[in-house]
Amino acid sequence: MGEQEALPIILKGLKRLEYRGYDSAGVALIRDNNLLVYKKKGKVAELENYLQDKVQTGSIGMGHTRWATHGEPNDTNAHPHYSSDNRLALIHNGIIENYASIKQELLRKGHHFLGQTDSEVFIHFIEQIQKENECSLFEAVRIALNEVVGAYAIVVMSADAPNQLLAARKSSPLVIGIGKDRQEFWLASDATPIIEYTNEVVYLDDLQIAVMQKGSLEIKDIRAALGDVVSTPYIQYLDLTLDAIEKGGFDSFMLKEIFEQPESVRNCLRGRLIASTQHLQLGGITKHIDKLLNAKRIIILGCGTSWHAGLVAEYIFEELARIPVEVEYASEFRYRNPIINPDDAVIAISQSGETADTLAAIDLAKSRGATIFGVCNVVGSSIARATHEGAYTHAGPEIGVASTKAFTAQVTVLLMMALVIAKKRGTVSDAQFSELLYELENIPEKIAKALQFNAQIEDIAKIYKNASNMIYLGRGFNFPVALEGALKLKEISYIHAEGYPAAEMKHGPIALIDAEMPVVFIAIKDSSYEKVVSNIQEVKARKGRVIAIVNEGDTFIATMADHVIEIPSTYEILTPLLTVIPLQLLAYHIAVMRGCNVDQPRNLAKSVTVE
Ligand code: AGP
């Protein structure tokens, strides 16, 4: 809001945020006390075309690029959303967990919804509160924010208050750019769209609500108990380049996404797992859950990193739910004339949701009567729509071609699926169920702890950056992680690498061991620890160079390995969520030191939509 025409600034800002990944875009303007909302599925460029013959003027407005969480990408579900009386508009970044119950209440009060999003429910909720309490927009927004559960960054505007913008946040980022004498304000998820107008910004804190009017910026706390205390905004002066901001200060999207994993796993658990109440539910797996519960066999389909997540899930499902699992390369499965029985359940895993081989494998399994469950990151993607039911990983857009945060989110969703089934089948004790719920809630923090060894891993990478081969070894739940570690190194550093079950060494690969062969061991204190120790000794006996991932405080392995990288301890079944972190970082630093383009490695695409 300010002196200038809002729309060109908003459209330019949306383009600056395109790097974050999105599936639809929209704008809202206030003109002559009327609310004008324009939104389109697809790129900002398509929205611009759509706006060609539309009213475009007004000095207050807002825009949004949507990354679908609830409701597939289309014009209706795009933001901004507006109230039933067309007087209020809202843009929202985040997830409202209790939107379904609020929606029921509003439907009972006669509200009608155009789309399937939690955000549309949000603005109708604010409208209803304002009507029922005959209060100001600020008060209605504050009351609503005390009722909703979840994550949000919102901006609200009203055609009846054309010189005011309201914004609030909890968990999702929100920054306010301040113009000269507070005559203009720019708001965005990060400073990328703001930096060319001002370097004076306020990063809103959690549970803060900001009221912007010409000449004033007031920041208050949403908790009514704190009344109307206006806190002095903490103004920061940005000295950043655009590129740096897009990557959140990281050198690449891949490194940013590796460091986002504590938050992305937290988002994956959000609203689904609450240990204190033993609550565990995957809202998207209800109608067909019997197919999973009574499945004689579970077939898991995927490619690349998603296939590795499926392999971890094989161990998890068989351990917890006691259902036999087969993990299939989708590209092989689709041409193998596989035997599929009606009581087979199929789980298809895909970050992009657009991988051609996985899609075709799904169609084949479906045509033979199997029920298909999807685990996807991109909402509304082809695979999400092709499956009967499923669960989104909520890891947020993954830009780096090498998948990192999607892997830990996939394993987290698959763990929750297995626990839900195990609980219903009675194959897990109440004690074990409870312990795993509490420990899963601790995983984001433990990932953050594992990330603290980044500098040490960088030093180790310096030693191995000129390696021409590398072997990764793990056992049990961590055999698939060894495969994943090898894949990360291959795809971004172009070093030939292989992952193996550690015990397989003696059946061939040990012939490769000499003083030139670096071997990465996942040697955490689990049921196969002793076995891994002897595997390390076998490699050391042949002058192999050993990098070992160990539990914090393990000094024994350090006496035989060339390098040890510590990770926090956790239950064996959860260790893949931690052991993969140092492997991602090791591959990353080696690739950077070899001058590789880690975000866009040669010959690779983020989504393989052709076979
Ligand atoms: C992993 O880093 C690669 N980008 C690739 O192997 C990827 O996992 C594979 O193409 C599957 O993609 P999807 O999860 O989007 O289906």
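Which side chain has an N or O atom 2.6 Å from an oxygen atom of the ligand? In this predicted model, one such side chain is that of Glu-491.

**Ligand surroundings**

The ligand has 14 residues around it. Ser-306, Ser-350, Ser-352, Thr-355 and Glu-491 come nearest. Ser-403 uses its backbone instead, with an N or O atom 2.7 Å from a ligand oxygen.

| Residue | Part of the residue | Distance to a ligand oxygen atom |
|---|---|---|
| Ser-403 | backbone N or O atom | 2.7 Å |

**Helix pairs**

Two packed helices are described by the angle between their axes and the distance between the axes.

Take H4 and H5 first. H4 covers residues 118-133 and H5 covers residues 137-147. They pack at about 120°, and their axes are 8 Å apart. Angles over 145 degrees would count as roughly antiparallel, and 65 to 115 as roughly perpendicular, so H4 is oblique to H5. Their crossing is right-handed. On the H4 side, the contact is made by Phe-122, Phe-125, Ile-126, Ile-129, Gln-130 and Asn-133. H5 contributes Leu-137, Ala-140, Val-141, Ile-143, Ala-144, Leu-145 and Glu-147. By type, the residues of this contact are 10 nonpolar, 2 polar and 1 charged.

Next come H16 (residues 454-464) and H19 (residues 576-593). Their angle is about 50°, with the axes 8 Å apart. H16 and H19 are therefore oblique to each other. This crossing is right-handed. From H16, the contact residues are Asn-454, Ile-457, Glu-458, Ile-460, Ala-461, Lys-462 and Tyr-464. They meet Pro-582, Leu-585, Leu-586, His-589, Ile-590 and Met-593 of H19. The contact divides into 9 nonpolar, 2 polar and 2 charged residues.

**Backbone exceptions**

Most residues other than glycine have a negative phi, and most peptide bonds are trans. Two sites depart from this pattern.

The peptide bond from His-79 to Pro-80 is cis, and its omega is near 0°. Pro-80 sits in the loop between strand S3 (61-66) and strand S4 (81-82).

His-394 is not a glycine, yet its phi is positive, at about 50°. It belongs to the loop between strand S20 (389-392) and helix H14 (405-425).

Notes
Residues numbered from 1 in each chain as written. Predicted model: local features only at pLDDT ≥ 70, side-chain atom pairs only at ≥ 80, totals over all residues. Heavy atoms only, no water. Axes fitted to C-alpha atoms, helices over the stretch in contact; angles between N-to-C directions. Helix = DSSP H or I, 4+ residues; strand = E, 2+ residues; numbered from the N terminus. Parallel < 35°, antiparallel > 145°, perpendicular 65-115°, else oblique. Left-handed = near helix turned anticlockwise from the far one by under 90°. Contact = heavy atoms within 4.5 Å. Nonpolar A, V, L, I, M, F, W, Y, C, P; charged D, E, K, R; others polar. Near = heavy atom within 4 Å. Polar contact = N/O pair within 3.5 Å; in protein donor to acceptor, adjacent residues only side chain to side chain.
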